[in-house]
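Please read this briefing alongside the sequence and the structure shown below. The points are grouped by topic so that each can be checked against the model.

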Amino acid sequence: MTILKSHWQLILITAVLFLLWNTAIAIPLKILVVYLHELAHALAAILTGGSVVEISLSPYQGGHAITRGGSRFLTLTAGYLGSLLLGVSLMMIALKTKADRIVLGGLGAFTLVVTALYIRDWFALAFCLGTGAAMLAAARYLSVELNDLILRVIGLASILYVPYDIFDDTIRRSGIRSDAYMLAEEYGGPTIFWGGLWLAASLAIIYYSLRHGLGDNSNLVFRKRKPGP
């Protein structure tokens, strides 16, 4: 009962996401998680001394990031685990800080910069321009509580989507050309081995973040504005 009282908002968001996951309503959110996946590839390449040639998204929840140089191992690994860390970070910011507007606005502005630098195909351009603009508008015009809710939804969507995607792409359909398939080609071992490692790591990240992120119940409810003097 204490868990329900303390975490009812996260439980409700998770339940709604599960109910709507296979409907058209959830498709933009799934594509956003794919964008975080490709963004994580790009960031890993840049941080390890490489560069980004192109980022692309498709309406069928696919995408790619073409990179040059950098650590190939870390760049391939960063797709699933990096996007999960980005999602977890957004949720923890929503739960633990009051920086919701700043973070959502910053993510929107960064998305517009990424769009200008690396995105060329029409669908990805439209999606990322629209998403970036919507985030900036939300940060500017919506309440702190709604910005908080948006960050929680994005974070939880990543937490739900990434482990399933790892299992589906690298274990259940290990023959498709996934990140784990390419890692196996370049570093050896079967695709399912790398996929299994990523799945275990993703579950560990989720467990650790939820255990420590939900430990302080005082910040879990949407923060209310204090009355003025």
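**Overall picture**

The model is a predicted one, and in it the protein has eight helices and two strands, which follow the pattern α-α-β-β-α-α-α-α-α-α when read along the sequence. Of the 229 residues of the protein, 44% count as buried.

**Nonpolar core**

- The largest nonpolar core holds 53 residues, and the members that touch the most other members are Leu32, Tyr35, Ile55, Leu57 and Trp198. Helix 3 (residues 72–96) supplies the largest share of this core, with ten residues.
- In soluble globular proteins, nonpolar side chains tend to be buried together.
- Leu57, when its neighbours within four places in sequence are left aside, is in contact with Ile31, Val34, Tyr35, Glu38, Gly62, Gly63, Asp121, Phe123, Ala124, Phe127 and Cys128.

**Packing of helix 2 against helix 3**

- Helix 2 (residues 27–47) packs with helix 3 at an angle of about 130 degrees, and their axes are 7 Å apart. Angles over 145 degrees count as roughly antiparallel and those of 65 to 115 degrees as roughly perpendicular, and helix 2 and helix 3 are therefore oblique to each other.
- The crossing in which helix 2 passes helix 3 is right-handed.
- On the helix 2 side the contact involves Val33, Leu36, His37, Leu39, Ala40, His41, Ala44 and Ala45, which meet Leu74, Thr75, Leu76, Ala78, Gly79, Tyr80, Gly82, Ser83 and Leu86 in helix 3. By class, the residues of this contact between helix 2 and helix 3 divide into eleven nonpolar, six polar and no charged.

**Packing of helix 3 against helix 4**

- Helix 3 also packs with helix 4 (residues 100–118), here at an angle of about 155 degrees and with the axes 9 Å apart. Angles over 145 degrees count as roughly antiparallel, and helix 3 and helix 4 are therefore roughly antiparallel to each other.
- In this contact Leu90, Ile93 and Ala94 in helix 3 meet Asp100, Val103 and Leu107 in helix 4. The contact of helix 3 with helix 4 has five nonpolar residues, no polar ones and one charged residue.

**Gln61 in the loop between the strands**

- Gln61 is found in the loop between strand 1 (51–57) and strand 2 (63–68), and, although it is not a glycine, Gln61 has a positive phi of about 65 degrees. Most residues other than glycine have a negative phi.
- With a relative accessibility of 28%, Gln61 counts as partly exposed, because that term covers values between the 20% limit for buried and the 50% limit for exposed.
- The C-alpha atoms of Gln61 and Lys30 are separated by 6.6 Å, while the two residues are 31 residues apart along the chain. Leaving aside neighbours within four places in sequence, Gln61 is in contact with Ile27, Lys30, Ile31, Val34 and Tyr161.

**Thr191 in helix 8**

- Thr191 lies in helix 8 (residues 191–213). With a relative accessible area of 10%, Thr191 is buried, since buried means under 20%.
- Not counting residues up to four places away in sequence, Thr191 touches Thr170, Ser174, Ser178, Ala180, Tyr181 and Ala184.

How values were computed. Residues are numbered from 1 along each chain as its sequence is written. This is a predicted model: local features need pLDDT of at least 70, side-chain atom pairs count only at pLDDT 80 or more; totals for chains, interfaces and linings use all residues. Side-chain values use heavy atoms; hydrogens and water are left out. A nonpolar core is a set of buried Ala, Val, Leu, Ile, Met, Phe, Trp, Tyr and Cys residues joined through side-chain atoms within 4.5 Å. Buried means under 20% relative accessible area, exposed over 50%, partly exposed in between (1.4 Å probe, protein chains only). Helices (H or I, at least four residues) and strands (E, at least two) are DSSP runs, numbered from the N terminus. Contact means heavy atoms within 4.5 Å. Axes are lines fitted to C-alpha atoms, for helices over the stretch in contact, and angles run from 0 to 180 degrees between N-to-C directions. Angles under 35 degrees count as roughly parallel, over 145 as roughly antiparallel, 65 to 115 as roughly perpendicular and the rest as oblique. A crossing is left-handed if the near helix is turned anticlockwise from the far one by less than a right angle, and right-handed if clockwise. Ala, Val, Leu, Ile, Met, Phe, Trp, Tyr, Cys and Pro count as nonpolar, Asp, Glu, Lys and Arg as charged, and the others, Gly among them, as polar.
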